[in-house]
Amino acid sequence: MVRRLALRLAGALATAWLIASTCFLLSRALGAGAPQLLNDEQTGAFDHYTAAETQFRQRLGLQQPLFYFRLLPWRWHGTPNQYHSWLTEALHGRLGASFRDGAAVETSLRTALRVTLPLTGSALLLTAGLALPLALGMARRPQWYRRFVPVAYLLDSLPLFVVGMLLLTLLASPDFWPLFPAYGLGTEGAEGIFWGNWLNTAYYLALPVAALVLVSVPALALPLTEALRAQQRQAYVATARAKGASARRVAWHHLLPNALPVFITRLSDLVPGVVAGSVVIEVVFALPGMGRLLAEAAAARDLPVLIGGVLLIALSRLLAWLVADTINALIDPRLA
Amino acid sequence: MAALPSRPLLLRGLAWAWLGGLVLAALWAWQTGSAQPAATQLDLSQLSLPPSARHWLGTDPFGRDVLAVLLAGTRNLLAVSLPAALVATALGASLGAAAGYWGNRGLRVRRAAVVVIMFSVVGALVTGPQLLPRWLLAGALGATAAHYLPLRATWPLPLDRLVLAAGAFTASVPRLVLALLLAALHAPSKPWLLAVLAGTCWPPTARLSRTLVAQLRRQPYIEAGRAAGFSDWRILWRHLLPNAKPALRASLPLNLTVCFGLQTTLSFLGIGLPPDELDWGRTLADARLEPSAWWLTVGGLFFLTCTMAALHLLSATDSRNGTPHSTLKTADQRVTNKD
Amino acid sequence: MLRFAVVWGLISGILGLAACSSPATSDSAAAPTVRVCWPRDPESLNPVALPNAYAVQANNLLYQSLLTVDGVTRRHVPWLVTALPKVEQRDSLTYLHYRLHPRARWDNGQPVVARDVVFTLKVLNCPGLPNESLRGLVSFIREVQLDAADPRRFTFVCRGYAPDYSFNSGDFPILPEYLLDAPGHLSALSLRQLAQPDSAVGKLPAVRAFQTAFNQAARWRDARTLRGSGAYELASWQVGQQVTFVRKSHWWADDISPKTPAWTAQPGRIEFHVVPNPATALLALRRGKLDVYPHMPGADFARLQTTDSASFRFYSPASYRVAVLEMNVQQPALRDARTRQALALLVDYNRLLRATQYGQGQRSTSLISPHERWAYHDSLPLRPYAPSQAAELLRQAGWQRTADGWRHPQQQNPLALKLVYGAGDRTYETIALLFQQSARQVGLTVTLQPTEAGRLSELRRNGEFDLSLRTLYGNPFSYDLRPLLHTRSIGSQGANRSRFGNAASDQLLETIYATEDSVGKARLLRRLQTLLYQEVPFTPLFFEPNRLAVSRRFENVRPSGLEPGYDISSFRLAPPARQ
C-alpha cells in the first residue's frame with residue numbers, strides 16, 4: 001500500500017513537472033507570448049524604441065536560447081538556456097521573478113492564495129456541507145427530489161457572473177437591500193486576510209462565497225442523490241429496514257458509506273478550483289486572488305507567474321486525485 | 001422509491017416543442033445569413049430601452065431588439081456550443097471506451113512498426129521543416145511494410161495510462177487560463193472556439209465511459225461474445241456502447257452546460273466571438289455594461305433555462321426507458337476507481 | 001427551532017458588527033481621507049519603471065521631478081526648482097540652467113542638491129535596471145555641470161537643440177542618493193560612461209552590486225526605502241486591492257509662501273481602491289465607499305448624473321485622447337488615398353459620438369485638439385457621413401461595384417477589410433459595429449476582429465491588418481509627432497502603425513520638432529494637418545472627455561484634460577453648507 005502510494009506520488013510529481021515544462025516551452029516559443037515593454041498606448045522616444053525593447057528583453061534573460069537544443073532543424077544550444085535556469089531554480093524551490101515588478105513568484109502566489117483559499121475553501125466546505133444533507137433528503141423524500149431537481153438544473157446552467165452580478169445588485173446596491181459590502185475585503189492596511197479578524201472577513205466574503213456555493217451545489221448534490229437512490233434499491237437496505245433500523249439510521253449507516261466514493265470523487269474534482277480561484281468572482285467582487293493574478297499575468301505576458309500558477313494548480317489537482325483514491329480505497333477496499 | 005409522476009408526456013412534448021422552435025429560429029438566422037436581419041440592426045436612438053409593445057424583451061446597449069438578438073443567437077448556439085458538446089461527448093466516449101476496454105495491456109502493437117515510426121518522427125524533427133512531409137510519408141510506408149514482415153514481436157500499448165494522462169493534462173490547466181492563452185495565439189473564430197470548447201470538455205466524459213466499459217467488459221455476455229470469437233470492434237460497437245449509451249446521453253446536456261458556460265464567460269471576459277456574431281452569452285455579458293437593464297438578464301436567462309431544462313428532461317426520461325439508474329450508479333461509483 | 005434562532009443570531013451579529021465597523025475612516029477637516037477608484041493595480045511603484053498611468057500617479061505622490069504640469073493652466077511649473085530652466089544655445093549644444101529650491105529636503109533632513117540630480121540620471125542610464133522606457137526620454141542629456149559655489153545649481157548639457165528640451169529635462173523623478181546608493185557604487189562612474197550604448201559597464205562589479213540592491217522587489221514595497229521628497233509616504237500596498245498613502249507630518253513645501261497648487265498637499269490620507277469591474281465600482285461609489293471615480297464609462301456617468309446628482313459633482317473636461325480609425329496604407333487595397341478617404345466618409349461620426357460619449361466629447365479634423373486654438377487647423381471641414389460620396393470616391397479609385405462586392409481591375413480579390421481592435425472595449429465595439437453596418441450599406445464587407453491586447457500589438461507592429469481602432473494619447477506641450485508618423489517609426493521601431501510617410505512628410509515632422517517660434521510652428525502644423533486630412537492614414541473619430549465624478553464632500557477638485565484628470569493634492573473638505 002505504502003509502496004503503491006509512493007509510486008503514485010512520484011508519478012503525480014512527474015506529471016506536474018511535464019505539464020509545467022510543456023507550458024513553459026510553448027508559451028516562450030510562440031511570438032505572441034513574448035512580453036513587450038511599450039504597449040500600444042505608449043509611443044516611446046523617437047529612435048529609441050528598438051533599443052528600449054532590446055534592453056528590456058536582455059534584462060529578462062529572453063535573449064538566451066530557450067532549450068538545450070532546437071528542432072526543425074536540429075541545433076545544439078547547451079546549458080545556458082532559459083529552461084535550464086528555470087529548472088535549476090525550481091529544484092531549489094524558487095519559481096523565478098515576475099516580469100512586471102521583479103517580485104518572487106512564490107511571494108505573489110502566496111499573497112494571492114491568502115485571499116483565494118478562504119474564499120474558495122469556505123465555498124467548498126459549505127458546498128459539501130449543504131450537498132450532503134440535501135442529497136440524503138432528496139434520496140429519502142421523492143417529493144423533495146421532484147422539486148429540487150429542476151432548481152438544481154437551473155442553478156447548474158447559470159453562468160457564474162450572472163449569479164455574482166445578481167447577488168451584487170440585490171444585496172449590495174443602494175436600490176435594493178444594501179446588506180453586504182460591494183467589493184474588497186475591508187482589511188485596512190492588513191496583508192491578505194487576518195484570521196483574528198475572521199468575522200469581518202466572513203462579512204466581506206459572504207456574497208462571493210454565496211455565489212460560488214449556489215453554482216456548485218448541484219454539481220455535487222445531483223450525482224450523490226443518484227448514487228443514494230440507486231443504493232436504496234439494493235436488497236441490503238430492505239433487510240436493514242426489516243430488522244427495524246430507523247430511516248435515519250439506514251441513511252447514515254448503510255446508504256451513505258456506500259455512496260460516499262461518488263461524493264469524494266466529485267469533491268476532489270473541485271479541489272483544484274480552490275487553488276485556482278475564480279476569475280469571474282474575483283473580478284466582480286474586486287478580490288485580489290489567484291484567478292485574477294493568473295488572468296492578469298496572462299494578459300501582461302508575465303510568464304514566470306503564469307507558469308508558477310499552472311504548476312501549483314496541476315500539483316493540487318493530481319494530489320487531490322491521489323488523496324481521493326486513497327480515501328476511497330480505505331472506505332471501500334474493493335476500489336483499491 | 002416512489003414512482004415518478006405520470007405527466008411526463010406533456011412535459012416531454014413541451015420540451016420537444018421548445019427545442020424544435022430553437023432549431024427553426026436557427027434556420028431562420030442561417031437563411032438570412034450574413035445579411036443582417038433588420039431587427040438586429042443597431043439603432044442608436046433606442047439604447048437600452050425596457051420591454052414595450054414594439055420591443056417585447058426591450059433593447060440592448062447597442063439598440064438592438066433583445067428578442068431578435070436571442071433568436072439570431074440560436075444560430076451560434078447550434079453552430080458552436082452544440083457541436084462542441086457533441087464532439088466532446090463523442091471524443092470522451094470513444095477515448096474512454098478504448099481505454100476501458102483494452103486497458104494498459106489489451107492492445108498490442110508491432111515492435112517493428114513502432115521502431116519505424118519513432119525513427120521517422122525523430123528524423124522529421126531533427127532535419128529542416130521542408131523535409132517534414134517526406135519523413136512522415138516514409139514513416140507511414142515503413143510502418144505498413146513492417147506489418148507484413150515476419151517479425152511478430154509486439155509491445156503493449158498503455159492506452160489507459162495515455163488517455164488518463166491526456167485527461168489530467170487538459171484538466172490541470174484551468175480552462176479560463178487556457179482559453180486566455182489560446183486567445184493570444186489566434187483571434188477567436190467559430191472553429192477556434194469549437195476546438196477550445198471540445199478540447200477542454202472531454203475528460204469527464206472519458207472517465208465516465210472508461211469506467212462503464214471497464215465494468216461491462218467483465219459481464220458474462222461480453223465474455224461469451226469474446227469466447228465466440230467476435231472481433232474487439234464488434235464487441236465494443238455492438239455490445240458495449242449500446243449498454244453504455246444512456247449514461248453517455250445523460251452527459252451530453254452536462255457537456256452542453258459546460259460548453260455554454262465557458263462560451264458565456266469568455267464573452268464576459270471580452271475574448272469571445274466578434275460582436276457581430278450574436279450569441280446568448282454575449283447578451284448576458286452585455287447586461288454587465290448596463291446593470292440596470294434587468295430585461296437583458298431576464299431574457300437571456302429565460303432562453304438559457306428553458307433550453308437546459310428541456311435537454312435535461314429529455315435525456316433523463318430517455319435514460320429511464322433502458323437500464324436507468326443502475327448504469328448511472330455503477331458508472332459514478334466506478335469513476336472513483338482510479339485515475 | 002433552536003437551530004434557526006442560532007442562525008439568525010449569527011447573521012444579525014455579523015450585520016451589526018459590519019454596521020459599526022464600516023465608516024470608521026479618520027476624517028479630520030484639515031487633512032481629509034480621499035478614496036479613489038482605480039480599475040487596475042499600479043503593478044510597480046519603482047520610480048524608474050512606471051509601467052502605466054496609475055504607477056505614474058502614485059509616483060508623483062512619493063517623488064518629485066524638477067518641473068510639474070499644472071493641469072488647469074496646462075503649463076509646466078517649478079516643483080523641486082525655483083524657476084523654469086534658463087536656456088542657452090552655444091555651438092551645437094544646449095545648456096539648461098536650473099537651481100533647486102533652497103527649502104527642498106529629503107526625509108532625513110538633508111537638502112536636495114545637484115548631486116542627487118546627477119545620481120538620478122546615472123540610475124536612469126544604468127544598464128540592467130527596469131528603466132528602459134525612461135532612458136530614451138533623457139538620452140538627450142549628455143552631461144551635468146555642477147556649480148562649485150552653489151550645490152543647488154546645475155546645468156544640463158544637451159545634444160543639439162529642440163524646444164521640447166526645456167520641459168523634458170524636468171520630467172523625471174529625482175531620487176535620493178542616500179537611500180538608494182548609500183555605499184556609493186555609482187559615484188565613481190560618470191554619466192557619460194553609464195550612458196554608452198553596448199558598453200561593458202554593466203559587468204563592472206560596482207554596477208553589479210548596485211543592480212542587485214536596486215532590483216530587490218521588496219525595496220519598492222517598503223515604506224522605509226520607497227520614499228522621496230514628495231508630500232506622501234506609502235502606508236500600505238495590498239497588491240490588486242488597495243494602495244494607501246499618508247501625508248508626511250512635515251513636508252518641506254509646507255513652509256513656502258505664496259503657495260502654488262504644486263506645493264499644496266491637503267488630504268491626510270489617499271486610498272486607491274482597485275475595482276476592476278465598472279458595475280461594482282459604480283455600486284461602491286453610490287454607497288459612499290469611494291469618493292472619486294475618474295475615467296468613468298460614458299453610460300455609467302450619464303446614469304449617475306440622473307440618479308445621484310445630489311451627492312456627486314460631475315466634471316468632463318476635454319482630454320487629449322483621440323480615438324482614431326487607423327488604416328494600413330501599405331495594404332494593396334488601401335494604397336490609393338481616395339479609397340481611404342471613402343472609408344473615412346463611411347463613419348457616422350455624430351451618431352457615434354452620441355452613442356459612445358453620451359453627448360460629450362468633441363470631433364476634430366486631426367489629432368490636434370480643437371482646444372489648442374493656435375495649432376488646430378480650423379478651416380478644414382469636419383468630415384461628414386456620406387455613403388453615396390464614399391461610393392463615388394471608390395469608383396474614382398478604380399473600384400467597380402459587382403454582385404460580390406467592390407472589384408478592382410488590378411486586384412485579385414474584391415475589397416474586403418479586416419477591422420481589428422482591443423477585445424472587451426465597449427466603445428470600440430460600438431464603433432466597429434456601426435462602421436460595419438454603414439459599410440454594408442454601400443456593399444462593402446468589413447470583418448470585425450476583436451483581439452487580445454498582446455496579440456493586437458503584434459498584429460499592428462507587423463502590419464497584419466487593414467483597419468484598426470486605436471486611441472492616441474497627446475498633450476498640449478510637445479508636438480513631436482515623429483514616433484507616430486515618421487517612416488523610421490514603422491514596424492518594430494516605433495508607433496507608426498498606419499505605416500504612412502514619405503521623405504517630404506518626414507522632413508515636415510523634423511522641422512516641426514525643431515521649430516521654436518509659435519507662429520512658424522503653427523503654420524507647419526497646419527500644413528501637416530492638411531496633409532493628413534488628404535492622405536487619411538487615420539480618421540479621427542472624437543476627443544474623449546475626462547469623465548470624473550467626485551463626492552460633494554470635496555471641493556477644489558481642479559479637473560483638467562491632462563492625466564490623471566484631477567489634482568488630488570488640492571482636494572479640500574467642502575464646508576457643510578455647500579455639501
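Of the area that chain C buries against chain B, C:R426, C:L433 and C:Q437 supply 24%, more than any other three residues.

A note on the source: this is a predicted model, where local features need pLDDT of at least 70, side-chain atom pairs count only at pLDDT 80 or more, and totals for chains, interfaces and linings use all residues. Residues are numbered from 1 along each chain as its sequence is written, chains are lettered from A in the order in which they are written, and side-chain values use heavy atoms, leaving out hydrogens and water.

Next I looked up contacts (heavy atoms within 4.5 Å): 25 residues of chain C touch 26 residues of chain B.

**The salt bridge**

Which residue forms a salt bridge with C:E429? I found B:R282, with the closest N and O atoms 3.3 Å apart. The term means a side-chain nitrogen of Lys or Arg within 4 Å of a carboxyl oxygen of Asp or Glu. The count between chain C and chain B is one salt bridge.

**Elements on the chain C side**

Helix 14 (426-441) of chain C is among the elements that each supply at least two residues to the side touching chain B. Helix 14 gives the most, with eight residues. Helices are DSSP runs (H or I, at least four residues), numbered from the N terminus.

How values were computed
Buried area is the accessible area (1.4 Å probe) that two parts lose on being put together, summed over both.
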